[in-house]
Amino acid sequence: MAEGDELAVADRPDQVGADVASWPTGRLLSVAARVVEKRFEDFLATRGLTHAGMITLHHLADGPRSQRELALLCRVTDQTMSRTIEHLDRGGHVVRSQDTKDRRRTSVKITAAGRRALAAARREERESDTLLGAVDDYEHFRRQLIALIAAASSSTEDDRAQ
């Protein structure tokens, strides 16, 4: 497989050759991330969602939040969050209102349709044989990924400090 062909793997899993077993682990992780992302992106699109929309709904599941707070939690700019909320609002996944305590702020609340879409996405992620349902122990896999990200992030911060 040529460099940059990772996305094609998602569309042609039957053509992934035995040479994959010989790839370095970093390459395996990179390709796996792209394949899973593509399939999950396709699933989300059937529900009128994007990755950004799903993480926004995730942060709204516990209650309403301001647009600014959502931007911080999702690690995006206020402008990007504004577009994400607009898309979610048009799809019926959230409602916006003026904050009762501060009229300059917009409060965003998940709707019943948003909760259903979020639940379906979470189920699909965990249970689908073409997503993370294919791993033997989902919770262990998540913990390992979190540890990997934390370790890699920590070493990056250490490198910047030097």
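Here, buried means under 20% relative accessible area. That cut-off will come in handy in several of the views below, which show a predicted model.

**Figure 1. The whole fold in overview.** Welcome to the predicted model, which holds seven helices and three strands. Reading along the sequence gives the order α-α-α-β-α-α-β-β-α-α. The protein has 162 residues, and 27% of them count as buried. Among contacts with a separation of 6 or more, 46% join residues 24 or more positions apart.

**Figure 2. T56, a buried threonine in helix α3.** T56 sits in helix α3. Its relative accessible area is 1%, under the 20% limit, so T56 counts as buried. Who are its partners, once neighbours within four places in sequence are set aside? T56 is in contact with L70, C74, M81, T84 and L88.

**Figure 3. Helices α3 and α5 where they cross.** The two helices pack at an angle of about 85 degrees, and their axes are 10 Å apart. The range of 65 to 115 degrees counts as roughly perpendicular, so α3 is roughly perpendicular to α5. On the α3 side, the contact is made by A52, G53, T56 and L57, while α5 brings M81, T84 and L88. By class, these contact residues are four nonpolar and three polar, with no charged residue. T56 thus belongs both to this contact and to the buried residues, at 1% relative accessible area.

**Figure 4. Helices α4 and α5 side by side with their contact residues.** Here helix α4 (residues 67–74) packs against helix α5 (residues 78–90) at about 105 degrees, with the axes 9 Å apart. This pair, therefore, is also described as roughly perpendicular. From α4 come Q67, R68, L70, A71 and C74, and they meet D78, M81, S82 and I85 of α5. The residues of this contact comprise five nonpolar, two polar and two charged.

**Figure 5. R75 in the loop that links α4 to α5.** Between these two helices runs a loop, and R75 lies in it. Most residues other than glycine have a negative phi. R75 has a positive phi of about 60 degrees, although it is not a glycine. Is R75 buried or exposed? Its relative accessibility is 75%, which is over 50%, so R75 counts as exposed.

Figure 6. Setting aside residues up to four places away in sequence, I85 touches Q67, L70, V94, R96 and V108.

**Figure 7. H93 and its partners.** H93 is in the loop between α5 and β2 (94–98). With a relative accessible area of 5%, H93 is buried. Which residues does H93 contact, leaving aside neighbours within four places in sequence? The list is R47, G48, L49, L57, L88, K109, I110, T111, A113, G114 and A117. Of these, L57 and L88 also take part in the contact of α3 with α5.

**Figure 8. H51, a partly exposed histidine in helix α3.** H51 belongs to helix α3. A relative accessible area of 30% makes H51 partly exposed. H51 touches E37, F40, E41 and L44, not counting residues up to four places away in sequence. E41 is ten residues from H51 in sequence, and their C-alpha atoms are 6.8 Å apart.

**Figure 9. The largest pocket and its lining.** Helices α2 (25–46), α3 (51–60), α6 (112–127) and α7 (138–161) each supply at least two lining residues. Which element gives the most to the lining? That is α7, with seven residues. Sorted by class, the lining has 19 nonpolar, three polar and six charged residues.

Conventions. Residues are numbered from 1 along each chain as its sequence is written. This is a predicted model: local features need pLDDT of at least 70, side-chain atom pairs count only at pLDDT 80 or more; totals for chains, interfaces and linings use all residues. Side-chain values use heavy atoms; hydrogens and water are left out. Helices (H or I, at least four residues) and strands (E, at least two) are DSSP runs, numbered from the N terminus. Ala, Val, Leu, Ile, Met, Phe, Trp, Tyr, Cys and Pro count as nonpolar, Asp, Glu, Lys and Arg as charged, and the others, Gly among them, as polar. Axes are lines fitted to C-alpha atoms, for helices over the stretch in contact, and angles run from 0 to 180 degrees between N-to-C directions. Angles under 35 degrees count as roughly parallel, over 145 as roughly antiparallel, 65 to 115 as roughly perpendicular and the rest as oblique. Contact means heavy atoms within 4.5 Å. Buried means under 20% relative accessible area, exposed over 50%, partly exposed in between (1.4 Å probe, protein chains only).
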